[in-house]
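Here is a friendly walk through a few structural labels and the values behind them. Shall we take a look?

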Amino acid sequence: MSNRAFYTADVTSFLNESTDSIIGKITQNHSQELLHQQTGAWLSQIDILQESMQGFNEGYLFFEFQIPRMGRRADAVLIYKNIIFVLEFKVGAEDYAAQDIRQVHGYAIDLHHFHEGSHDKIIVPILVATRASVRQRGSMQQVDSVYDPLRANSTTLRNTLQYCVDHISNPPPIEFYTWLHSSYKPTPTIVEAAQALYASHDVSDIARNDAGAQNLYVTSQALKEVIHQARIYQRKIICFVTGVPGAGKTLVGLNIATDVSAEKEEHAVFLSGNGPLVEVLTEALARDSVTRKAHKNKAEALRAATASIQNIHKFRDEYIKDKTAPSERVVIFDEAQRAWDQENTSKFMTTKRGQKDFSQSEPEFLISVMDRHDWCVIIALIGGGQEINTGEAGLQGWVDALEKDFSYWHVFYSNKLSQVEYAGRDISFAGIARAQPQNSFHLATSMRSFRAEKLSHMAHYLIHNEPEKARACYQNFKDKFPIVVTRDLQQAKAWIKQRARANETKGVIASAGAVRLKPEGIFVKNRLSAADWFLNEQDDIRSCHFLEDVATEFDIQGLELDWCLIGWDADYRYVDGQFEHWKFTGTTWKRRQNEKQRRYLENAYRVLLTRARQGMVIFVPEGVVEDGTRLPEYLDETFAYLVKCELDVI
C-alpha cells in the first residue's frame with residue numbers, strides 16, 4: 001500500500017514543503033508523458049490544500065492515491081482526526097457534475113470494500129469543483145461507514161473538512177502504519193479484469209490474495225506449463241478446467257489469450273459461443289484501449305481486441321471453408337459444455353450454411369480443426385450446471401469425440417469433472433490411453449460475489465427444493481449479501497435503486513421463458529444490445545441502470561451486475577412441495593416433459609441467481625384471477641417457498 005501513492009507525507013511536513021518540491025516528487029512516479037494541463041492541476045490542488053489545512057497539526061496526506069481497482073487513482077487522500085477523506089478535484093469546474101460525484105463516491109466505496117485496513121473506518125468522499133458555487137450542506141448520511149459525497153469549492157474545502165470532524169463522533173481510531181500496510185484485495189468485475197489483463201497486468205494482480213486467487217494463479221500457471229510442454233514435445237493436448245459459477249474460469253482463459261509474454265508460437269485465442277459475452281468484452285477492451293491511448297481510434301482498437309477474443313461460430317465457419325491449420329496453436333473454448341451436439345450442428349449447417357453432408361458434432365469438428373497442427377492445445381472451460389439451450393452436447397460430446405477419432409490426444413482433466421453438475425451424467429475417459437486427472441484444474445471458490453462466496457451453493461439448494469439447506473447456507477452471509485423478495489415491482493425497483501451507489505451496476509433479469517411477466521412490464525422477448533446494456537453510462541436509457549430493458553440468462557451468462565432484480569414467473573413454479581417445469585406455448589402453459597428441458601430451465605434460474613455481486617431482490621407477481629395464464633395459484637406457493645428459505649419480504 002505504501003507504494004500506491006505518488007506522494008506521501010504527514011500533514012505538518014506537507015504544509016512546510018515547497019510546491020516545486022512536492023511537484024517534483026509526484027512527477028518522479030508518473031510514468032506517462034506529462035502534459036502541462038496535468039502539472040497545472042497538481043499546482044492548484046497543492047495550493048488549495050495548503051491553504052485549507054493551515055493549522056492542522058496531525059494526519060497524513062497522499063497525492064495520486066491508487067484505489068483498489070485496476071488503474072484508478074484518487075487525486076488525494078487525507079487521513080485527519082481518524083477520518084479518511086477521499087478528495088477528487090475538478091480544477092476550473094463551475095458545477096458539480098453527476099458523473100464526478102459518482103466517481104469520488106465509487107473511490108470511497110472501493111476503498112471500503114477492497115482495502116482491509118479501511119473496512120471498518122469512516123470514509124468521506126469530497127468532490128472539489130474549484131469554481132462551483134457554494135452549496136447548502138444537508139445532513140450527513142452513510143452506509144457501511146461510507147458517507148454520501150460532499151461538495152466543496154476552492155474556498156469552502158476547509159469548512160467542509162472541519163464540519164465532518166465536528167459532526168462525526170468517535171470515529172474508530174486509525175493506526176497509520178497498520179492501515180498503510182494492510183492488505184489490498186481487489187475483486188474486479190469480469191469487464192474490469194479483462195481490461196486489466198489486456199493492459200498487461202498479471203492475473204495475480206486482479207484477484208484477492210486468498211485461497212480463491214491462489215487457485216486462479218495455480219491453474220493459470222499449470223495451463224501455461226502444459227502449453228509449453230506441448231510445443232517442446234510436439235503433442236496434441238486437450239485440458240478440461242472446471243469451476244463453480246463466478247470462480248474465474250473466464251479470467252483463466254483471458255489471461256492466457258492476452259499473455260503478451262508468451263512465446264510467439266504459444267499465442268492463444270479465447271473463443272466463446274456466448275455472443276453477448278464476446279460483444280461486451282471486445283467493446284469494453286476497445287473503449288478502454290482508446291481511453292488509454294493504446295490505439296488511435298475505436299475501429300483499430302476493436303480489430304486488435306478481436307485478435308484475442310472471438311465468437312466460436314465465426315471461427316468454425318472460417319475453418320469449414322479454409323482447410324489449412326488455424327494461425328493459433330492454442331485455443332480456449334469458454335463454456336465448452338455448451339458446444340452443439342451432432343444433430344443440432346448438422347441441422348444448422350444444412351439450413352444456414354448449405355453444408356448438407358455435415359455429420360460432426362461441434363466438439364468433433366473443433367478438435368479436427370486443431371488436429372491439423374503438429375502440436376496444439378485446446379483448453380475447454382466447463383461450468384457447473386450451465387447448459388441452458390436445446391442441442392447443447394454437454395461434456396459428453398467432447399468425450400465422445402475424443403474416443404471416436406482422437407484417442408491419441410493427451411487429455412488432462414479436472415478431478416471434479418465426474419461430478420454430476422459438470423458431466424450431467426457419468427463420465428469416463430477409459431477409452432483414452434493418455435488421460436490424467438489434475439487437482440489444479442478445478443476452481444472451487446466463487447469470486448463474483450466478494451460478499452458471499454457460498455452464493456452458488458445457496459442457489460443450488462434453493463433450485464433443488466432443499467429449503468433447510470438453502471436457509472442454513474444463507475445465514476452464513478445474510479448480513480453481507482441481502483436477498484429479499486417482494487410482490488410489488490415498483491418496490492423492487494426502489495429497493496435496488498436505493499442500494500446501488502456511485503457507479504455500481506443494477507439491472508432487471510428474468511428467465512427467457514418468463515413470458516407472462518410482460519403485463520408487469522418485464523418483457524423478455526425484447527432484444528437488447530449487450531454492450532449498450534452492460535457498458536453505457538447511467539444516464540443512457542439503453543443501459544441496465546434504467547431498469548427498463550430486461551436481460552435473460554442468454555444475455556447475462558458469464559457476466560454480472562452489482563445488484564440484480566430477478567423477475568420470477570410461473571415457468572418454474574412451486575406446487576405442493578415440489579418445483580414444476582412449464583413452458584408457455586401459444587396461449588397456454590404446457591408442462592416440460594423432457595428431462596433435459598427441465599434441467600435447462602433449472603440452469604436458467606441458477607444463472608440468474610448467481611449474477612449479483614452485492615445483493616438481489618426477487619419479484620414474484622401476485623397474479624390475477626381474470627387471466628388464466630397468470631393465476632395467483634401459479635405464483636403464491638413459489639413466493640411462500642422463497643420466504644421459507646429465509647428471504648426477507650419487503
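Q: What is the bridge partner of Ile237 in E14?
A: Ile237 has His410 as its bridge partner in E14. This is a predicted model, in which local features need pLDDT of at least 70, side-chain atom pairs count only at pLDDT 80 or more, and totals for chains, interfaces and linings use all residues. Residues are numbered from 1 along each chain as its sequence is written, and side-chain values use heavy atoms, with hydrogens and water left out.

Q: How do you know that strand E9 and E14 pair?
A: Two strands pair if DSSP finds at least two bridges between them. Strand E9 (residues 236-243) and E14 have four bridges, in the parallel sense. Strands themselves are DSSP runs of at least two residues (E), while helices (H or I) need at least four, and both are numbered from the N terminus.

Q: Which strand do four bridges join to E14, running parallel?
A: That is strand E15 (residues 435-438). Here Ser414 has Gln438 of E15 as its bridge partner.

Q: Why is strand E14 called largely enclosed?
A: Buried means under 20% relative accessible area, with exposed over 50% and partly exposed in between (1.4 Å probe, protein chains only). Five of the five residues of E14 (residues 410-414) are buried, so the strand is largely enclosed by the rest of the structure.

Q: What makes Thr250 buried?
A: Its relative accessible area is 11%, so Thr250 counts as buried. Thr250 is found in helix H9 (residues 249-257). Neighbours within four places in sequence aside, Thr250 is in contact (heavy atoms within 4.5 Å) with Ile190, Phe270, Asp334 and Leu381. Thr250 also lies 9.9 Å from Ile382, C-alpha to C-alpha, although the two are 132 residues apart in sequence.

Q: Why are H14 and H15 called oblique to each other?
A: Angles under 35 degrees count as roughly parallel, over 145 as roughly antiparallel, 65 to 115 as roughly perpendicular and the rest as oblique. Helix H14 (residues 362-370) and helix H15 (residues 394-405) pack at about 55°, with their axes 8 Å apart. The two helices are therefore oblique to each other. Axes are lines fitted to C-alpha atoms, for helices over the stretch in contact, and angles run from 0 to 180 degrees between N-to-C directions.

Q: Which residues of H14 make the contact with H15?
A: On the H14 side they are Pro363, Glu364, Leu366 and Ile367. The H15 side includes Trp398 and Leu402.
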